[in-house]
Amino acid sequence: KFVHEKLFNYTKERFPNTPIIPAIGNNDPEWHNQFPLAEKENYYTFLFNLWFKTHPVKYQNLTDIQTTFMQGGFYKYIYGDYIFIALNSLYFYTGT
């Protein structure tokens, strides 16, 4: 958690008015390349609150982001005419 907080705080301080579109990677959970099954709800809640609730930018489709993010750490972000998709790359690691 410390690394996530440190990195995200560093990023939002330097880009306070820019939407940040983070994605979960295979080295983000406590154990590399493994889904946080036992702590899934706590893990996704922590990241969601850190990434989306503490940033000064108001995300347009926050309810939609939260719904899919809490299911599996992925979401789409709509920014004007653009749609960004953030995938949880743990789903693409064949060892999980």
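Predicted model: local features only at pLDDT ≥ 70, side-chain atom pairs only at ≥ 80, totals over all residues.
What covers the buried residues of H2? The cover includes H1, helix H3 (62–72) and strand S1 (75–79). Residues are numbered from 1 along each chain as its sequence is written, and side-chain values use heavy atoms, with hydrogens and water left out.

Start with the overall plan. The protein has 3 helices and 2 strands. Their order from the N terminus is α-α-α-β-β. Helices (H or I, at least four residues) and strands (E, at least two) are DSSP runs, numbered from the N terminus. The protein has 96 residues, and 33% of them are buried. Buried means under 20% relative accessible area, exposed means over 50%, and partly exposed lies in between (1.4 Å probe, protein chains only). Contact means heavy atoms within 4.5 Å. Take the contacts between residues at least 6 apart in sequence: 54% of them join residues at least 24 apart.

Now follow the chain into H1. This helix spans residues 2–14 and has 13 residues. From first C-alpha to last it reaches 19 Å, close to the 18 Å expected at 1.5 Å a residue. The expected span is 1.5 Å times one less than the number of residues. His4, Phe8 and Lys12 are the buried residues of H1. Seen down the axis of H1, they fall within an arc of 45 degrees, so they line one face of the helix. The arc is that of the directions from the helix axis to the C-beta atoms. The spacing has a simple background. An α-helix has 3.6 residues a turn, so residues three or four places apart point the same way.

What covers this buried side of H1 includes helix H2 (40–53). The face turned away carries the exposed residues Phe2, Val3, Lys6, Leu7 and Glu13. Glu13 has a relative accessible area of 57%. Its side chain meets that of Arg14 in a salt bridge (3.4 Å, N to O). A salt bridge is a side-chain nitrogen of Lys or Arg within 4 Å of a carboxyl oxygen of Asp or Glu. Arg14 is partly exposed, at 45%. The whole structure holds 1 salt bridge.

Beyond H1 comes a loop. Ile21 lies in this loop, between H1 and H2. Ile21 is partly exposed, at 32% relative accessibility. Leaving aside neighbours within four places in sequence, Ile21 touches Tyr75, Tyr77, Phe84 and Ala86. Ile21 and Ala86 are 65 residues apart along the chain, yet their C-alpha atoms are separated by 7.0 Å.

Next is H2, with 14 residues. It reaches 19 Å, close to the expected 20 Å. Its buried residues are Tyr43, Tyr44, Phe46, Leu47, Phe48, Leu50, Trp51 and Phe52.

Finish at the surface. Ile83, Ile85, Leu87, Tyr91 and Phe92 form a nonpolar patch, with about 570 Å² of accessible area together. Patches are made of residues with over 30% relative accessible area and no salt bridge; like charges are joined within 9 Å, nonpolar side chains (Val, Leu, Ile, Met, Phe, Trp, Tyr) within 5 Å. Leu87 sits in the segment after strand S2 (82–86) and is partly exposed, at 45%.

Notes:
Areas by Shrake-Rupley, 256 points an atom, 1.4 Å probe, with all protein chains shown as cover.
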